[in-house]
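Colleague: I would like to know what stands behind the words used for this structure. Please show it and take the terms in turn.

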Amino acid sequence: AAPGEGTPAVTPTHCPYCALQCGMGLRARGAGSVEVVERPEFPVNRGALCGKGRTAPELLSPGRRLTGPLVRDAASGALVPASWEQALDRIAEGLRRTRREHGADAVGVFGGGGLTNEKAYALGKFARVVLGTSQIDYNGRFCMSSAAAAHQRAFGLDRGLPFPLADVSRTGCLILVGSNLAETMPPALRYLTELRENGGKLIVVDPRRTRTAQAADLHLAPRPGTDLALALGLLHLVVAEGRTDEEFIRARTRGWAEARAGAMAHWPEYVERITGVPLPRLREAAELFCEAESAMVLTARGPEQQAKGTDTVGAWINLCLATGRAGRPLSGYGCLTGQGNGQGGREHGQKADQLPGYRKLTDPAAREHVARVWGVAPESLPGPGRSAYELLEALGGDIRSLLLMGSNPVVSAPRAGHIEERLRALDFLAVADVVLSETAALADVVLPVTQWAEETGTVTNLEGRVLLRRRALDPPEGVRSDLYVLSALAERLGVEKGFPTDPEEVFGELRRASAGGPADYSGISYRRLIEEQGVHWPCPEGEDTGDGEGGADRGDAGVGSDGTGSEGRPGRPSGRDARPHPGTPRLFLDRFATEDGRARFVPVSHRPSAEEPDEEYPVFLTTGRVLAQYQSGAQTRRVDELNAAAPGSFVQLHPRLAARLGIAEGEEVAVVSRRGRAVAPARVSADIRQDTVFMPFHWPGAGRANSVTNPALDPTSRMPEFKVCAVRVERATG
Ligand code: SF4
């Protein structure tokens with residue numbers, strides 16, 4: 001058992017859902033049941049929870065989740081109950097047969113951004129050591145990969161927020177691009193309120209007037225897919241007005257001349273035409289951003305889920321760099337990661353091109369280090385595999401069998417109808433999940449696994465703060481952990497050691513594997529996570545330099561009254577003051593993580609979306625989330641209160657567009673693209689552009705928004721273009 005486990009009256013832990021990872025307490029309420037209590041001492045959400053977190057225990061009850069393995073009966077074709085031994089034997093046999101008949105790369109592995117760090121680590125190791133396949137990726141590719149790629153390119157390191165979320169309250173101006181955090185992570189709205197109470201300005205960029213946009217000083221509503229041009233237009237104005245920070249550019253960056261030339265080619269009038277944002281609004285935004293003493297840009301899926309997502313984020317980073325708003329206190333660029341372990345999920349080796357510690361799979365030194373920890377030869381490790389969508393598209397082709405954990409691509413993948421067909425074309429599909437998701441329902445074997453409140457493990461929130469979720473109750477009899485699944489399968493496939501089932505033991509190995517890498521967890525222990533309310537990586541093992549202020553969870557304490565910080569310095573033991581490394585809440589204050597310590601401007605220019613409206617498909621579709629549902633809805637659709645609040649999909653459209661098409665409020669409408677069709681009731685609202693319709697993506701069946709979306713991929717991040725495609729909207733009844 002982890003330290004601190006046992007039977008405290010209230011077990012401190014974290015929400016199972018989004019990347020905010022709100023702190024909460026779980027109090028036993030009799031046998032096999034817990035209730036959520038507030039935990040105001042946890043600094044990120046300070047006790048506040050949204051309805052999803054508050055109702056999360058409902059999914060623990062046996063009636064709403066899987067409680068025993070299921071295998072597909074050859075005669076009836078139905079999923080029927082089986083023992084764990086039968087189910088695991090069948091998976092081992094399925095994977096073994098594929099490997100024997102088609103080779104190791106014919107077995108695919110698909111993970112999830114909700115898996116704990118320990119599970120993500122064990123899954124990556126399982127794929128490469130036990131299966132010997134290069135074909136592993138995860139659904140986080142659909143979440144933050146463009147921001148991660150842009151981060152790496154500009155700063156040499158990707159951590160969603162390079163500063164604590166609390167800094168947002170005290171910055172002078174925030175541009176929030178494509179995030180509706182009032183609905184996706186409501187407790188974070190408090191930071192925006194505090195920002196404005198402190199005199200700061202909030203600019204929201206979104207084609208819809210969302211609840212978040214309603215809280216802004218200035219709302220810019222660009223045409224979908226033109227965020228890149230918008231950022232370039234702002235940079236053009238900044239340069240033209242002489243508002244760049246030449247000293248910062250000279251001392252801390254490279255590549256300005258090319259980036260500047262790119263921006264100057266985007267005249268504001270041209271940008272106005274492309275984006276549809278009136279020039280005076282553009283000027284106002286540039287003025288607010290430059291006037292403030294400190295300023296930030298935060299992006300989310302809006303600009304990132306585009307076939308030019310990496311360059312789009314790059315354009316916003318260029319704006320920050322040109323104005324000296326990066327690597328300085330209360331300033332910088334950050335990404336609001338979506339999934340619960342969206343940050344940690346990409347650091348420990350379930351991504352197609354990465355090894356634990358956020359190391360590159362193609363780096364010989366990284367391969368050697370990780371292979372040593374794993375006790376295998378470096379040359380035995382496969383190379384990089386396909387990205388998530390490409391992997392899913394290869395199912396039933398090159399890839400004949402798939403092991404899937406914690407993901408529901410039947411609902412969440414772009415062009416979902418096609419992906420559903422690919423899943424059906426597999427020789428063998430095994431799914432480990434908490435519920436019988438739409439994807440699990442297609443499997444040959446389904447394994448029921450433990451949930452957040454029934455297991456201990458770490459996650460890393462959107463600030464790079466590593467947190468410990470703790471077990472508060474026993475799982476139902478027939479349910480086992482993902483770590484058990486991987487250990488039992490490894491054994492059946494001939495690898496008897498190296499897959500412990502104790503999460504703390506796995507974390508110990510993860511620490512060693514990450515040591516010296518960009519995401520260094522080696523100085524973090526379960527005990528520290530309990531005592532310090534989390535620790536921000538990098539946190540190398542060893543001693544602090546002695547010039548930090550100590551303590552990993554000081555919120556804003558690392559920024560002094562003069563606004564100067566002493567953080568951002570991954571530890572180099574000096575012996576001056578023997579303390580464990582405090583972790584790194586703020587990155588880049590002294591230097592960026594590139595070889596020469598300077599950030600890189602990347603020249604970018606506007607280009608159209610992969611699919612623009614035309615005569616046949618004249619309207620943009622954009623997709624997103626609603627307050628009461630989470631991701632593919634596999635969990636939240638099973639919670640009564642959430643389901644009552646948001647029972648099904650809808651199509652939001654402007655009154656003028658509705659009138660032109662003869663569509664009335666509540667009427668069933670079809671949204672049709674070149675890939676498919678989704679049908680849902682109309683929600684007529686002036687809070688959206690006239691050329692755009694919006695659908696949430698939480699539901700399967702006729703209302704599945706992803707039946708319509710475009711899988712065109714970003715050339716760098718391989719992110720699909722979820723946020724922009726061309727559709728026709730018509731009355732479903734004809
Ligand atoms: Fe959970 Fe996110 Fe809601 Fe917090 S905001 S309670 S982490 S779903």
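Modeller: The protein chain has a mean pLDDT of 93, with 94% of its residues at 70 or more; pLDDT is the predictor's confidence in each residue, from 0 to 100. This is a predicted model, in which local features need pLDDT of at least 70, side-chain atom pairs count only at pLDDT 80 or more, and totals for chains, interfaces and linings use all residues. Residues are numbered from 1 along each chain as its sequence is written.

Colleague: Where does the pLDDT stay under 50?

Modeller: Over residues 545–576, for which the model has 74 contacts beyond four places in sequence. Two residues are in contact if their C-beta atoms, placed from the backbone, lie within 7 Å.

Colleague: What makes Pro-580 count as buried?

Modeller: A residue is buried if 20 or more other C-beta atoms lie within 10 Å of its own, exposed if 12 or fewer, and partly exposed in between, with C-beta atoms placed from the backbone. Pro-580 has 20 C-beta neighbours inside 10 Å, so Pro-580 counts as buried. Pro-580 is found in the loop between β21 (535–536) and β22 (599–600). Helices (H or I, at least four residues) and strands (E, at least two) are DSSP runs, numbered from the N terminus.

Colleague: Why is helix α19 called mostly covered?

Modeller: Eight of the 11 residues of α19 (residues 482–492) are buried. Among them are Leu-483, Val-485 and Leu-486. The buried residues of α19 pack against elements including α2 (84–102), α3 (117–131) and α20 (503–514).

Colleague: Why are α8 and α10 called roughly perpendicular?

Modeller: The helices α8 and α10 (residues 256–264) pack at an angle of about 105°, with their axes 8 Å apart. Axes are lines fitted to C-alpha atoms, for helices over the stretch in contact, and angles run from 0 to 180 degrees between N-to-C directions. Angles under 35 degrees count as roughly parallel, over 145 as roughly antiparallel, 65 to 115 as roughly perpendicular and the rest as oblique. The pair α8 and α10 is therefore roughly perpendicular.

Colleague: Which residues touch the most other members of the largest nonpolar core?

Modeller: Leu-174, Ile-203, Leu-234 and Trp-316 do, in a core of 185 residues. The largest share of this core, nine residues, comes from helix α8 (residues 227–240). A nonpolar core is a set of buried Ala, Val, Leu, Ile, Met, Phe, Trp, Tyr and Cys residues joined through C-beta atoms within 7 Å.
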